[in-house]
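Hello,

I am passing a structure on to you, and I hope you enjoy looking through it.

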Amino acid sequence: MASSVRAGWRSAEVSLAHARRYVPDLMSLQRTCEVNYMALMKLLPAGGEVGALRRYQVGNGLQFQLSLVGESRFTTQVVLSQHNPELPDYLQARIEIRLYHDVRMAEVCAAQQISRLQPRYDYPNTKMHQRDEKEQVNLFLADWLKFCLRHGTSLINIF
């Protein structure tokens, strides 16, 4: 009897864990990706080709660099990186972004040490990612782009 009660308790625990599984809010994520696309289009080098760079100075000694690293018919790969000579490399933010021109969306593909972001993560996990890591990184990009648009001055264009 005691073993059947324990087995019933464990199955209830497992089903409760599945009931709390994180489900991404796709509408919110799409809105964020659309806003990010429009902001990036304002910041990217005009008529840029692969290898084109644009740097923005924001504050004392802090620069952000947009680099076009890849291009295909409907997509463009962009890297947004932070350059601050006072910080070590591992503390400098770096985000890889894919622009989808046909749907006018920009999605974060990789950030810092995460080489491929998943739509959701089970929690807890071995790498300690948040359940909504992808959404958080895309929201962070939105804040970063707003900051660059408000406070950044373009230093140079290199083609």
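**Aromatic rings**

F147 has a relative accessibility of 34%, so this residue counts as partly exposed. Please keep in mind that the model is predicted.

How many aromatic pairs does a search of the whole structure find? The search gives 3. In one of them, the ring centres of F64 and W144 are 4.8 Å apart and the planes stand at 85°, so this pair is edge-to-face. Since pairs with planes over 60 degrees apart count as edge-to-face, the angle of 85° settles the label. F64 belongs to strand β2 (residues 63-71) and W144 to helix α3 (residues 133-151), so their pair ties together parts that are 80 residues apart in sequence.

Are these two residues buried or exposed? F64 is buried, at 4% relative accessibility, and W144 is buried too, with a relative accessible area of 6%.

F64 also pairs with F147: here the ring centres are 6.4 Å apart and the planes are at 90°, so this pair is edge-to-face as well.

Which residues do the ring pairs link into a cluster? They are F64, F140, W144 and F147.

Best wishes

Terms used:
Residues are numbered from 1 along each chain as its sequence is written. This is a predicted model: local features need pLDDT of at least 70, side-chain atom pairs count only at pLDDT 80 or more; totals for chains, interfaces and linings use all residues. Side-chain values use heavy atoms; hydrogens and water are left out. Rings of Phe, Tyr and Trp (its six-membered ring) pair if their centres lie within 6.5 Å; planes under 30 degrees apart count as stacked, over 60 as edge-to-face and the rest as tilted. Helices (H or I, at least four residues) and strands (E, at least two) are DSSP runs, numbered from the N terminus. Buried means under 20% relative accessible area, exposed over 50%, partly exposed in between (1.4 Å probe, protein chains only).
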